[in-house]
Amino acid sequence: MPHLPLRYRVVGQDDYMLEIDVGTDACFVVNSGDHTSHEPRRGTLTPSQGAKLNGLLDQLGEPRDHPAPEGASGFMAVLTLGEGEQTRVFRFWEGALAEDPGLEAVVRALEVL
């Protein structure tokens, strides 16, 4: 999978955070938290999950920033794809996902891991 490794990180409000790492071996770790800590969840993408995610990532194109509107706080996200010279970084406010259906589809696929 040429887009791996990938990291998706969201920082919200009230100590909310979500971090999903998928390695080149398709193994993933999901760290999430809010007012209490949660143990990281670990797993491996199934072949169908990997194919779906890779297909969605293929459609992303070049990174575009989607900043938060003035006065908005929290729920800023960063999706980092690849490594080295092939790294692509998407920075966005989660409220702007409706403006970018391709990016929204990737985020929704990651959120169900």
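Me: Which residue's side chain meets Glu 19 in a salt bridge?
Reply: In this predicted model, the side chain of Glu 19 meets that of Arg 7, with an N to O distance of 4.0 Å. The pair links distant parts of the chain, since Glu 19 lies in strand β2 (residues 17–22) and Arg 7 in strand β1 (residues 6–11), twelve residues apart.

Me: And are those two buried or exposed?
Reply: Glu 19 counts as buried because its relative accessibility is 13%, which falls under the 20% limit. Arg 7, with a relative accessible area of 38%, is partly exposed.

Me: What is the distance between the closest N and O atoms of Arg 7 and Asp 21?
Reply: Those atoms are 2.5 Å apart, and the two residues form a salt bridge. This pair also links distant parts of the chain, with Arg 7 in strand β1 and Asp 21 in strand β2, 14 residues apart.

Me: How many salt bridges are there in the whole structure?
Reply: A search of the whole structure finds six.

Me: Which residue pairs with Arg 108?
Reply: The partner of Arg 108 is Glu 111, and their side chains meet in a salt bridge at 2.9 Å, N to O. Both residues sit in helix α2 (residues 101–111), and because they are three residues apart there, about one helical turn separates them. Arg 108 counts as partly exposed at 38% relative accessibility, and Glu 111 counts as partly exposed at 34%.

Me: Switching to the nonpolar side, which members of the largest core touch the most other members?
Reply: The largest nonpolar core has 27 residues, and those touching the most other members are Leu 6, Tyr 8, Leu 79, Phe 92 and Leu 110. The elements that give two or more residues to this core are β1, β2, β3 (27–33), α1 (47–58), β5 (76–81), β6 (88–93) and α2.

Me: Which element gives the largest share?
Reply: The largest share comes from α2, which contributes five residues to this core.

Me: Back to Phe 92, what is it in contact with, leaving aside neighbours within four places in sequence?
Reply: With those neighbours left aside, Phe 92 is in contact with Tyr 8, His 66, Phe 75, Met 76, Ala 77, Leu 79, Leu 97, Leu 103 and Val 107.

Notes
Residues are numbered from 1 along each chain as its sequence is written. This is a predicted model: local features need pLDDT of at least 70, side-chain atom pairs count only at pLDDT 80 or more; totals for chains, interfaces and linings use all residues. Side-chain values use heavy atoms; hydrogens and water are left out. Helices (H or I, at least four residues) and strands (E, at least two) are DSSP runs, numbered from the N terminus. Buried means under 20% relative accessible area, exposed over 50%, partly exposed in between (1.4 Å probe, protein chains only). A nonpolar core is a set of buried Ala, Val, Leu, Ile, Met, Phe, Trp, Tyr and Cys residues joined through side-chain atoms within 4.5 Å. Contact means heavy atoms within 4.5 Å.
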